[in-house]
Amino acid sequence: MSDSLGMASELAGQALRTGWYFALNRVVDWRTLRLGMARRYKPSRPVPSLQELLADQARLLLDDALAVRDRLCPPMEGPSAPLLHLERVGRMLADLPEALTRRASADATTARAEAAAAAVPPYYAQDFHFQTGGYLSERSASLYDVQVETLFMGAAAPMRRAALRAVCRHMRGRDQRRMTLLDVACGTGRFLRQARLALPALGLKGIDLSRAYLQEARRHLAGLRSAELIEAAAERMPLGDASIDIVTSIFLYHELPPEVRRQVTAEIARVLKPGGLFVFLDSLQIGDRPGWDGLLEGFPVRFHEPFYRHYVIDDLEGMFTQAGLAAKSTSTPFLSKLIVRCKRHGAC
Ligand SMILES: C[S@@+](CC[C@H](N)C(=O)[O-])C[C@H]1O[C@@H](n2cnc3c(N)ncnc32)[C@H](O)[C@@H]1O
């Protein structure tokens, strides 16, 4: 396939995918309204129009298609297992009244009832996003991806691919077979799968505190060259000093208490080899796009995100510098912030 054809088919596929999740996003809003459980909240800061959001999302998809054209990354996979996907969409919609009822009473405690809760830190045993079972149940692990993509109108995967591009750029001219990437808080393995498809010989590891999510990641990575999945806390990683070439962390930091963010950063700096790459992707912060700050203000009103209000004003760049991670680049793909750093070593 010619480069332009590849780019066009990537754009077409992504546009269809976006349309599907946009429709699901509207269905969820409509059901929430019908149930009389919409949350009225007027942010004090400005919010973007839907048009503005969609235009920026289109730019995200275009950047991805250009990377495919330039052979930096392979195209994003098309849909697989459509029946399983539809079954999960059905279960997400069926779960909605329960989650909204808990939201109405500010109850984020179902995770505490899970058997796994005894073995995790208390800050973690809560129903993030009001997900039933928090991160600790199989039901939550099976619904997470469709819930997140519905919330982001299909942009979660393309935002992760912005992190993937940073990794692929770093790998140009390097020998994959001798290198290892660690995805901290790998969740259901969506990023690891993309990384495996782009870099088939790279050593891959993922760490997450949720056994149920790691199980889902195993399912998701089945059939590909294996990745090592480790059940552990990011603030105490069972990995040697200077043992990893690339660390990625996607949508984790906004869910950590401020002091744990610093512990995790110190751990990342510890396990990275000198000159190793750190690729961080998470929510925008206040001031990154001043016209969008109202969205960040409204997010923790709609979803249980106990540490988000601090996250959006935290000094991430200062924290990374203090841990010995030197700045390479910072950008804001759509609703996310992508920070690329490297462990200080000579001119890195
Ligand atoms: C919002 S999800 C993001 C998952 C994945 N990175 C993605 O791109 O979808 C947050 C993930 O962080 C994990 N997590 C939260 N706190 C953690 C910690 N202290 N140590 C390890 N994993 C943690 C959760 O189990 C969950 O899988």
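Among contacts in the protein chain between residues at least 6 apart in sequence, what percentage join residues at least 24 apart? The figure is 74%, with contact meaning heavy atoms within 4.5 Å. The model is predicted, so local features need pLDDT of at least 70 and side-chain atom pairs count only at pLDDT 80 or more, while totals for chains, interfaces and linings use all residues. Numbering runs from 1 along each chain as its sequence is written, and side-chain values use heavy atoms, with hydrogens and water left out.

On to the overall build. The protein chain carries 11 helices and 7 strands, taken as DSSP runs numbered from the N terminus (helices H or I, at least four residues; strands E, at least two). A compact globule of 348 residues would have a radius of gyration near 20 Å, and the chain's 19 Å agrees with that; the radius is taken over C-alpha atoms, and the globule rule is 2.2 Å times the number of residues to the power 0.38. Some 55% of the 348 residues count as buried, that is, under 20% relative accessible area with a 1.4 Å probe, protein chains only.

Leu96 sits in helix 3 (residues 82–104) and counts as buried because its relative accessibility is 13%. Leaving aside residues up to four places away in sequence, Leu96 touches Val28, Arg31 and Thr32. Helix 8 (residues 258–271) has 14 residues that should span 20 Å at 1.5 Å a residue, and its end C-alpha atoms, 21 Å apart, agree; the expected span is 1.5 Å times one less than the number of residues. Buried residues in helix 8 include Val260, Val264 and Ile268.

Conventions
Buried means under 20% relative accessible area, exposed over 50%, partly exposed in between (1.4 Å probe, protein chains only).
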